[in-house]
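This report goes through one structure, part by part. Please look at the sequence and the model before reading on.

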Amino acid sequence: MIHHKVTLPRRGFLKTAGAASAAAVAAPYLVPANAMAANDKLTFGHIGVGGMGGGHLRGMKGRMDRGQVNIAAVCDVDERRLENASRMAGSQADVYRDYRYVLDRDDIDAVVISTPDHLHAVQTVHAAERGKHVYVEKPACCTVQEGKAMIEACNRAKIAVQVGSQGRSQPEAYLAHRYLANNNIGKISRVDCWHYRSPSGGTHPDSDPPEHIDWDLWLGPLRWRPFNRGYLHGTFRWIMESGGGQIRDRGAHVMSCAMWWMGADGTGPVTVEATGEAPRRGLWDSAVNINVTYTFKNPDWVLTWNQPGKPVPPEERTGREPGGRISRPGYGALYTGSEGTFHHWGGDGGTWAERKAREWEPGPDAKDVYRSPGHMEDWFEGIKTGRKTIMNVEAGADVAILTVLGNLSFLLGRKLQWDHSKREIVGDEQARRLMDRPERYPYAI
Amino acid sequence: MNEQLTLEMLIECIQSGNANVRAAARDQAGQVGAAAIEPLAGIACEGEFEVARAANRAMQNVVYHAGRPGASDEATAVSAELVKLVGAEPPLQFRRDVLWMLWQIAGPEAVEPVAALLDNADLRDDARMCLEGLPADEAVAALRAGLAAAPDDFKPAVAHSLRKRGVEVPDVPNLRLVPTKETSVAPVGR
């Protein structure tokens, strides 16, 4: 086990005012992964190895092949996926169905959790209780209480957590952040996010689960229900209890960028109000259309989620820009300031900033902002130094809570009042109950 | 559907063969209130697949609407209707759904009928979760009594609910982190 430092001060780059030179901006912030000494090698377990999890495992295998890390375990409740993962990870990796075997291993320093959304919080908390560092896919949590429990458990365990809103770590996210932080559009009063609709569907009847899937473990903390193939794989995100729709899936990216660039991590709205429309038939119940207004105070600004909204047509590009060509123009955000506007497309693994931010040349007195070396690399550095990651557990939980509150306001059909200092809804007894939900045992926080 | 939705209109529309009509009724069911619960439950248990689903979700919308601030009488009335449905007759999964709705809106009046299900092999965990979610002190008392009466394989779950409610339960093991399920997949290449 690596004994990580835990008391280093929080990084000071957030408001690095003044004469940051271009050279300083370009200097690597982190120890390059390939500079890790052999005895510093981190050992990883991968929990959930399909979809994004397969991508993470592939990336980690590349690092292992370069001698930078070890992969000791892969785990999935779908045995077909597990077999594929075993093939990808190599024969040194043990295979598990139950993630708790991975957490029991003393030789594993850190876990990469890429399971469906409803498992993120419980697996993160359990990993923290076993002292493992955690990379967990977004959105971090499905309820307010899950988010609070994650923060408490991870801080108590003093582990490094990275939530998978990797938009913050993209090259053009840095350029956008730097452009906005230098007041190029003045004081920003609105951020309007747009995204295309969530789908309707899931019209298959319930059935017995296939033999290669452990349905009990897949459900985890969710209340028991019969298997339905409309839940699997990837489509879990169209169901409220296990996903919550585009506002949760991509909102955890686009709104993550907004909170980061607005310097709003650690804050929250005072009110949340949503309207929308649920699917007219089928198992999937996440809102097809949903519009949410989040009102922030001190400083005053408004964040909106518009699904669908008014997309900004993608700009023409050569492909040689830092982020390359815009391949996903269907979501993004428009920032409105006192002296102009700025927009970006994407916000996840693809984040594309408007030309004026990419072409802006900082003067000698310009503020610099943190430039992530890559989302995974930023996490590695958090593990090794103890400093906060770019999408740490508080930031990740708070962005996920934004999406939770949006959906909750939609479901309840009423405006919610939010006290961020306590991370609590106020003045609505039922909504307060719904900040939490009972969990099936033993898959419980 | 711009006019005030009546119970009769709701029940007619929720059974429509037109998904748009059903969805509109489902989304406005809250305004009908507690009177809608029993007839919607009948449709949810016996209707055609998508009609039953619409009725079930309409019931949930009634729960959400009745739980709004300043409507405690409505909440109590809806809770009373839901409690009638946790008995033996409705299908198992529907009773699970009702227990899930109950913790979102009910008060102490729901504790006794829910606690009675703690010895029901099929519903005991849903009943436990419902009691865990009910903020009433009576729910904690019911969980304490449930723990004393629970068979050994159910005690850890009840103890967990009590711990969530702030009760120390030192004598029952916490199994949250104990792995139990082994894979049949062998590591490739060994």
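Where is the place of Val188(B)? Val188(B) sits in the segment after helix H10 (155-164) of chain B.

## Model and numbering

The model is a predicted one, in which local features need pLDDT of at least 70 and side-chain atom pairs count only at pLDDT 80 or more, while totals for chains, interfaces and linings use all residues. Residues are numbered from 1 along each chain as its sequence is written, and chains are lettered from A and ligands numbered from 1 in the order in which they are written.

The term pLDDT stands for the predictor's confidence in each residue, from 0 to 100. For chain B the average pLDDT is 97, and 99% of the residues score at least 70. The complex receives an ipTM of 0.97 and a pTM of 0.94 from the predictor. Where pLDDT is low, the predicted coordinates should not be read in detail.

## Chain B as a whole

Chain B contains 10 helices and zero strands. Helices (H or I, at least four residues) and strands (E, at least two) are DSSP runs, numbered from the N terminus. Along the sequence the pattern of chain B reads α-α-α-α-α-α-α-α-α-α. The C-alpha trace of chain B spans about 60 × 55 × 30 Å along its principal axes.

Chain B has 190 residues, of which 43% count as buried. A residue is buried if 20 or more other C-beta atoms lie within 10 Å of its own, exposed if 12 or fewer, and partly exposed in between, with C-beta atoms placed from the backbone. Two residues are in contact if their C-beta atoms, placed from the backbone, lie within 7 Å. Of the contacts in chain B between residues at least 6 apart in sequence, 59% join residues at least 24 apart.

## Helix H5 of chain B

Helix H5 (residues 72-83) of chain B has 12 residues, and at 1.5 Å a residue they should span 16 Å; the end C-alpha atoms are 16 Å apart, which agrees. The expected span is 1.5 Å times one less than the number of residues in the helix.

Which residues of H5(B) are buried? They are Ala75(B), Val78(B), Ser79(B), Glu81(B) and Leu82(B). These residues lie on the same side of H5(B), because they cover an arc of only 160 degrees around the axis. The arc is that of the directions from the helix axis to the C-beta atoms. An α-helix has 3.6 residues a turn, so residues three or four places apart point the same way. The buried residues of H5(B) pack against helix H3 (37-46), helix H4 (49-66) and helix H6 (92-105) of chain B.

## Domains

Domain bounds come from an automatic or database domain assignment. In chain B the assignment gives domain 1 (1-88) and domain 2 (107-168). The centres of these two domains of chain B, taken over C-alpha atoms, are separated by 27 Å. Five residues of domain 1 of chain B are in contact with six residues of domain 2 of chain B. On the side of domain 1 of chain B that touches domain 2 of chain B there are three nonpolar residues, two polar and no charged. Ala, Val, Leu, Ile, Met, Phe, Trp, Tyr, Cys and Pro count as nonpolar, Asp, Glu, Lys and Arg as charged, and the others, Gly among them, as polar.

In chain A the assignment gives domain 1 (23-165) and domain 2 (169-381 + 397-433). Their C-alpha centres lie 22 Å apart. The contact takes 37 residues from domain 1 of chain A and 37 residues from domain 2 of chain A.

## Where the chains meet

How many residues of chain A are in contact with chain B? There are 44, and they are in contact with 41 residues of chain B. The largest share of the side of chain A that touches chain B, five residues, comes from H3(A). That side of chain A divides into 18 nonpolar, seven polar and 19 charged residues.

Val188(B) is partly exposed, with 17 other C-beta atoms within 10 Å. Not counting residues up to four places away in sequence, Val188(B) touches Glu83(A), Ser86(A), Arg87(A) and Ser91(A).
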